[in-house]
Amino acid sequence: RDIDHFHLLLLLADVNSKEMQSENQTSVSHFILVGLHHPPQLGMPLFLAFLVVYLLTVSGNGLVILTVLVDIRLHRPMYWFLCHLSFLDMTISCAIVPKMLAGFLLDSRSISFGGCVIQLFSFHFLGCTECFLYTLMAYDRFLAICKPLHYATIMTRRVCNSLALGTWLGGTIHSLFQTSFVFRLPFCGPNQVNYFFCDIPAMLHLACTDTTINKLITFVDIGFLALTCFVLILTSYGYIVAAILRIRSADGRRNAFSTCAAHLTVVIVYYVPCTFIYLRPDSQEPLDGVVAVFYTVITPLLNPIIYTLRNKEMKAALQRLGPH
């Protein structure tokens, strides 16, 4: 009996030890977003600058959506996809910038554990959906320019809606996978995120365990996804350029190149910073924060500007929308 009691005590002690270890590993209840390193006296100027960019981003993308919805001449797949892109840009900005503004003005840099999970999921869900959408927009231009006689029968409203829904579904699956794989790790301190929002590379540096597998999966998953989409986009535009060069009319070539140039510019602005960040998951250089600001804050502002300035139909629709 004494031996049985001794074994029972050992068993209870082992269970208590594991429970205490589990509690210690998940002791972090919130994180501190260190944010962008800047002198204290620059807090207010940075707040005002990012506030202006944020307001312009929301209003600019909102104006694009309103214009497409109101003007019946723009009720075509190309502009329907542009609506989705504007909505994604607007929501990406809303997921990141308000917390950054609070850090500049109120020095409020704390974010709850759950809030961090939601922010990381939202950012990768919206970003991945946008990645798929760029590929879909390139395919749409390929059909419109290379197969104009079959375009209306291929890109029907039902197909258009199904493809758009597929981009959102793909983004959801990708983000669920990445988010669950990051936050299955134990976080037991420190809790200072050396970044201005909760993102995968920054969170992996805080995990209380070896993150080699996570870094490898991030590299392979995001790298494969980005590379596949980019190759498909380049392939589409290879066919598009060849088709445009066969157009006899100079105005036709100019219009086709103008539309495609706008899309390619947006794609390059999107892919280059993302590649710089996510294909180097071990990096903690100060330049990473600057690059991240570009694709989370500046790119959503540039997209509506690029599309409206280089697209005659959008400019004409904006003029019709304004006061007469």
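Strand 1, residues 30-33, runs antiparallel to strand 2 and is joined to it by three bridges, where strands are DSSP runs of E of at least two residues and helices are runs of H or I of at least four, numbered from the N terminus, and where two strands pair if DSSP finds at least two bridges between them. Within this pairing, Phe31 has Ile111 of strand 2 as its bridge partner. This is a predicted model, in which local features need pLDDT of at least 70 and side-chain atom pairs count only at pLDDT 80 or more, while totals for chains, interfaces and linings use all residues. Residues are numbered from 1 along each chain as its sequence is written, and side-chain values use heavy atoms, with hydrogens and water left out.

Now to the cysteines. How many disulfides does a search of the whole structure find? There are two, taking a disulfide as a pair of cysteine sulfur atoms within 2.5 Å. In one of them, the sulfur atoms of Cys116 and Cys198 lie 2.0 Å apart, and this pair links distant parts of the chain, Cys116 in helix 4 and Cys198 in the loop between strand 3 and helix 7, 82 residues apart. Cys116 is buried at 0% relative accessibility, where buried means under 20% relative accessible area, exposed over 50% and partly exposed in between, with a 1.4 Å probe and protein chains only. A disulfide also joins Cys188 to Cys208, and here Cys188 is partly exposed, at 34%.
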